[in-house]
Amino acid sequence: MDEPVLPERPRLAPGVRLHFDKTRNAWVLLCPEKVIEAEGPANEILRRCDGTRTTADIIDELAAVFSADRAVIAQDVTDMLTELAHKRLLVG
């Protein structure tokens, strides 16, 4: 079986959505048959996975927002997006 490739313009897969859960007072990723809490940087990454931004755009935006080293942000973003693509929660 081939491993999913990081999408050029990542977006959440059909049936997956980012939602603010008032009960948990937290952002969650609603997936078929599961809920994944999206805390801190994960939320910021997921909010930008709209199918219009490239992975590089997301990295650049987050590096600017957090005044952080682009290389560190790039590693974190690509790791997370690769994991989500592997779980089939992200498409592009």
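Analyst: Start with Thr54. At 11% relative accessibility, Thr54 counts as buried, because buried means under 20% relative accessible area, with exposed over 50% and partly exposed in between (1.4 Å probe, protein chains only). Thr54 sits in the loop that links helix 1 (41-47) to helix 2. Helices here are DSSP runs of H or I with at least four residues, strands are runs of E with at least two, and both are numbered from the N terminus. Leaving aside residues up to four places away in sequence, Thr54 touches Glu8, Arg9 and Pro10. Contact means heavy atoms within 4.5 Å.

A word on the source. This is a predicted model, in which local features need pLDDT of at least 70 and side-chain atom pairs count only at pLDDT 80 or more, while totals for chains, interfaces and linings use all residues. Residues are numbered from 1 along each chain as its sequence is written, and side-chain values use heavy atoms, with hydrogens and water left out.

Now move on to the helices. The axes of helix 2 (residues 55-65) and helix 3 (residues 70-86) come within 9 Å and cross at roughly 130°. Axes are lines fitted to C-alpha atoms, for helices over the stretch in contact, and angles run from 0 to 180 degrees between N-to-C directions. Helix 2 and helix 3 are therefore oblique to each other (under 35 degrees is roughly parallel, over 145 roughly antiparallel, 65 to 115 roughly perpendicular, the rest oblique). On the helix 2 side, the contact includes Thr55, Ile58, Ile59 and Leu62. Helix 3 contributes residues including Ile73, Val77 and Leu81.

Two strands pair if DSSP finds at least two bridges between them. Strand 3 (residues 26-31) and strand 4 share 4 bridges. Leu29 stands opposite Ile36 in strand 4.

Last, the aromatic rings. The whole structure holds 1 aromatic pair. The rings of Phe20 and Trp27 have centres 5.5 Å apart and planes at 70°, so they are edge-to-face. Rings of Phe, Tyr and Trp (its six-membered ring) pair if their centres lie within 6.5 Å; planes under 30 degrees apart count as stacked, over 60 as edge-to-face and the rest as tilted. Phe20 is partly exposed at 32% relative accessibility. Trp27 is partly exposed, at 32% relative accessibility.
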